[in-house]
Amino acid sequence: MSDAAPCTIRFVVNGRAVDVDAHPMARLLDVLRVELGLTGTKEGCGEGECGACSVLVNGELVNSCLTPVLQAAGATITTIEGIAGADATLSALQQAFIEHGGAQCGICTPGMIIAATSLLARHPDPTEAEVRTGLAGNLCRCTGYMRIFEAVMKAAAR
Amino acid sequence: MAAPVVGRAVPRKEGRSKVTGQARYVDDLTMPGLLHGVTVRSPVPRGRIRGIRFEGGLPWDEFTIVTARDVPAPNRIALILNDQPCLADDVINHAEEPVVLLAHADKGLAERARQSVVIDVDPLPAVLSLDESLSGREVIWGTDNVFKSYLVNSGDVDAALAAADIVVEGEYETGAQEQLYIEPQGMISIADAEGITVWGSLQCPYYVHKALTTLFSLPDDRVRVVQAETGGGFGGKEEYPSHIAAHAALLAMKSGRPVKLVYDRAEDMVATTKRHPSRTRHRTGLSHDGRLVAMDIDFVLDGGAYCTLSPVVLSRGTLHAAGPYYCPNVRIRGRAMATSTPPHGAFRGFGAPQSLFALERHMDVVAARAGLAPDDLRRRNFIVQGQTSAIGQVMREPVEMDALLDRALALSDYHRKRETFDRANGHSPVKQGIGFASFLHGAGFTGSGEVHLASVVDVEATADGHVRVLAASTEIGQGTNTIFAQIIADTLGIGYDQVEVAQPDTANVPDSGPTVASRTAMVVGKLVETAARTLQQTLVDAGLLGTGGTGDAFIHACRTYIGTHGALRARSIYSPPPGVQWDDEAYRGDAYGAFAWAVYVAAVSVDTATWETRIDDFVALQEIGRVLHPVLAAGQIEGGVAQAIGYALLEEVIWRNGRMANGQMTNYIMPTSMDLPPIRVFFEERPYAHGPFGAKGIGELPMDGVAPAIANAIAHATGAAVSKIPITPESLMATIDRQLEAARV
């Protein structure tokens, strides 16, 4: 990987166009966190199991630890930093996570909220089974998920 | 006077920063000139280091390299016995033992370098099981491989067993369990000869502080430990962060640059501590009327290669081994043994999940042998207020296990389901079962631990009309910040938003003890309340506030006081509740200030084609004193139950030559959102006189009773003589096959 030449890759993240110089196979996760300072996206396992690094690429839910940055060329990316409104108003999901105990230690929370955002875009009025399936790629060790399900259902009802 | 907030679901203090991604964890921090540290570890479980080679044609002169020769003597991480080296020197005692530290500005190059260091080791015989350790054939610790042993002895067990109408024996085992916090461990350090600062993911700032001041022979004020936002701990960040902090500080000191040392998942899983594996043997004597007349319990923990926290884990496990029952003749022998695996350490429950799994599974076996229903046997033997436990603790507070059991069985529809399942199972390839466990968990440090800790909390008023808590108790997801603010708000009649909780930083907060042992709400929370009252009294004494004055009058008086004196700060120091006494020598007395009590019920389906177990319903009923925050409290129980479901069914550490072979989330399986039943949580609230607003401890309790409830349900469903967790499909099938084989012979 370090033998490949760096190249300039352009994409839009949270509404902002950026050019980054990176190795094409660099992980999108590292580019977001290190080059762009968007540290809200977390690394929990580095092998696509835990979902802490979840971001939306052209609206699709992806693990940014498994995504070479080259795949993001020309894409529109949303990270947790882009979920609240421009005036810092929390999204319904973010608000519900606070109110219903969906966040404890908080390390899975950005990825979980991104996954839930993706879920609600596909299923605006989800059943609990759909919520469970939609979040199955995001591990949480604190909550036992019950309050996350509740937060997502409550946010959907708003 | 602001509306009370204790008992209400106020928003988590740091909730906003967590849901927006603004919360800063250690790997989110950076500094100019930062180097990345990596750790080179032992490839074998035991041996002598012959040499270290730096291969691969890398530019080694660009690297900061630290070995045992760079570690100040005596090269030990301070804990209980100070037996664990900071870096291995000469002798290797477990796989993955740290030997060499490297740092470089290029993280990728640092990782390549880690793989290019070769440690030549002359192997020595390793001790890789409890049986090998107990046999003493190879001695790797002291004269007999025993780190610590305890003996509890009340009455005359041998005579009572000889006279018992029924004697039932059983042997039970539990496996290692990885804490698997989603944020791997890490530290950043800056250091020079004058002093050290570390920022990191940790539970116990003053443990790290003590390890660093001891290792580097620095005075207290030259070492500063700051907790970054911490992505889960569960005990896993109790003692191990001291190592990472020392390693980062050594690299920072040698390089003269800031050093970040953050583990990746694989390193975190194979190298850091796990829950102690255990084996428990029970010999139980019963009278003809179903009363326990003798309990003979042999409880053994696998401590790994160094002593670390094993003596206290063993103690908690030993003190919980007889459960919530009264028995006049009890002998509990507890031993923590040395093996050649990485040291096992703190994990939520801390020895109690192991000994309570054995006991509560055994109680169902005893009931069956005695021809009693599982609930009937327990009802005949629950300890009640006024009785004395095997440890010599008089139950001063009300104990109402009978009522808890009634309610839990009603909530889970236990009796009806048990009958229905019994009728339906014969014809069905899917067998249903229901089982329960009744148990207790002591809150706070064991024995005289709290007295020795002598924890301190400060509370200060600020010029802008706020009150700030200064405590070393860390927020690791469980809600420390929120409950401390609630306690202050209601003690002083001020708004929840008027309370701040300082970031734990040893330069700024006193030593409130570690964030462990279900002690934060009950013990430290009470200190928070007391310090707030002292603050209030200072204003009364200064003539600025009427006796017991709160709310706006209090805030106004604070401002006046600060205007005159510049600062207003009050301190509280732990003193035990009246009458609580523990004899360290005799190992008897009041083991815990208070107990939480619980009955958990699991309903399961076992598919006899695949031997997979599905949990259909889970009821968790507990008495934890007053509930300070209903959402946080339920979250603690649900999260603990989920971890314990993993412990019971999924989470299996595969050991190969003393090393965890499945150190990845791909093949060490924790519960996902698809694996859990509805977890139904219920509380009985009986305010405890010596906890803040009546609260007792809660955090560890849910880890204790889940595995035995599930095991009992599986035994009910299938008839399998389940005695070991995790109960994987493979292990359950093997158990059934053995039973069928035995029946044929």
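Predicted model: local features only at pLDDT ≥ 70, side-chain atom pairs only at ≥ 80, totals over all residues.

Residues are numbered from 1 along each chain as its sequence is written, with chains lettered from A and ligands numbered from 1 in the order in which they are written.

Entry on the contact. I found 44 residues of chain B in contact with 42 residues of chain A. On the chain B side, α1 (15–19) and α17 (630–650) each supply at least two residues; helices (H or I, at least four residues) and strands (E, at least two) are DSSP runs, numbered from the N terminus. The most comes from α17(B), with eight residues. I sorted this side of chain B into 17 nonpolar, 17 polar and ten charged residues. Nonpolar here covers Ala, Val, Leu, Ile, Met, Phe, Trp, Tyr, Cys and Pro, charged covers Asp, Glu, Lys and Arg, and the others, Gly among them, are polar.

Entry on the sheet. In chain B I traced an open, mixed sheet of seven strands in the order β3-β5-β1-β12-β9-β10-β11, where pairing needs at least two DSSP bridges between two strands. Its edge strands are β3 (64–66) and β11 (223–227) of chain B.

Entry on one pair. Strands β1 (35–41) and β5 (98–104) of chain B run antiparallel over six bridges, and B:Arg41 stands opposite B:Pro98.

Note on methods. Contact = placed C-beta atoms within 7 Å.
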